Amino acid sequence: MDTKISFFAGYIFTAASTITIVGFLNAAAIGLIGGFFGLLGKEVYYYVKTEAKDKLPSIKKWIASKVEWVKSKFNDRS
């Protein structure tokens, strides 16, 4: 068990010593920007979803009226 801990600790210390401050700040900035746009995208999705649910009954009526119009055109031919 001690060898596993020492190998893991050596890996962590080696990785930590090779990361530059600029690299760390770059990764942090990318994470913050990505998180911000992820949250923004979620809010936009829920907004569009509620707007679509509000307009769904009127869209269904519009589609039904167009279907009836097409049916009437086909019935007029016969």
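What span should the 17 residues of helix α1 have at 1.5 Å a residue, and how far apart are its end C-alpha atoms?

## Helix α1

The model is predicted. Helix α1 covers residues 2-18. At 1.5 Å a residue, its 17 residues should span 24 Å. The end C-alpha atoms are 24 Å apart, which agrees with that expectation.

Cover is another matter. Helix α1 is hardly covered, and the count of buried residues among its 17 residues is zero.

## Overall form

The protein chain has two helices and zero strands. Its C-alpha trace spans about 90 × 30 × 20 Å along the principal axes. The radius of gyration of the protein chain is 30 Å, but a compact globule of 78 residues would have a value near 12 Å.

## Burial and surface

The accessible surface of the protein chain comes to about 7400 Å². Carbon and sulfur atoms account for 72% of that surface.

## Charges

The protein chain carries 11 positive and 6 negative side chains. The centres of the two sets lie 8 Å apart.

## Aromatic pairs

The count of aromatic pairs comes to two. One of them joins phenylalanine 36 and phenylalanine 37 in an edge-to-face arrangement. The ring centres are 5.2 Å apart, with 75 degrees between the planes. The angle counts as edge-to-face because it is over 60 degrees. Phenylalanine 36 and phenylalanine 37 are both exposed.

Methods. Residues are numbered from 1 along each chain as its sequence is written. This is a predicted model: local features need pLDDT of at least 70, side-chain atom pairs count only at pLDDT 80 or more; totals for chains, interfaces and linings use all residues. Side-chain values use heavy atoms; hydrogens and water are left out. Helices (H or I, at least four residues) and strands (E, at least two) are DSSP runs, numbered from the N terminus. The expected span of a helix is 1.5 Å times one less than its number of residues. Buried means under 20% relative accessible area, exposed over 50%, partly exposed in between (1.4 Å probe, protein chains only). The radius of gyration is taken over C-alpha atoms; the globule rule is 2.2 Å times the number of residues to the power 0.38. Accessible areas come from the Shrake-Rupley method with a 1.4 Å probe; for residues, only the protein chains shown count as cover. Lys and Arg count as positive and Asp and Glu as negative; His and the chain ends are not counted. The place of a charge is taken as NZ of Lys, CZ of Arg, CG of Asp or CD of Glu. Rings of Phe, Tyr and Trp (its six-membered ring) pair if their centres lie within 6.5 Å; planes under 30 degrees apart count as stacked, over 60 as edge-to-face and the rest as tilted.
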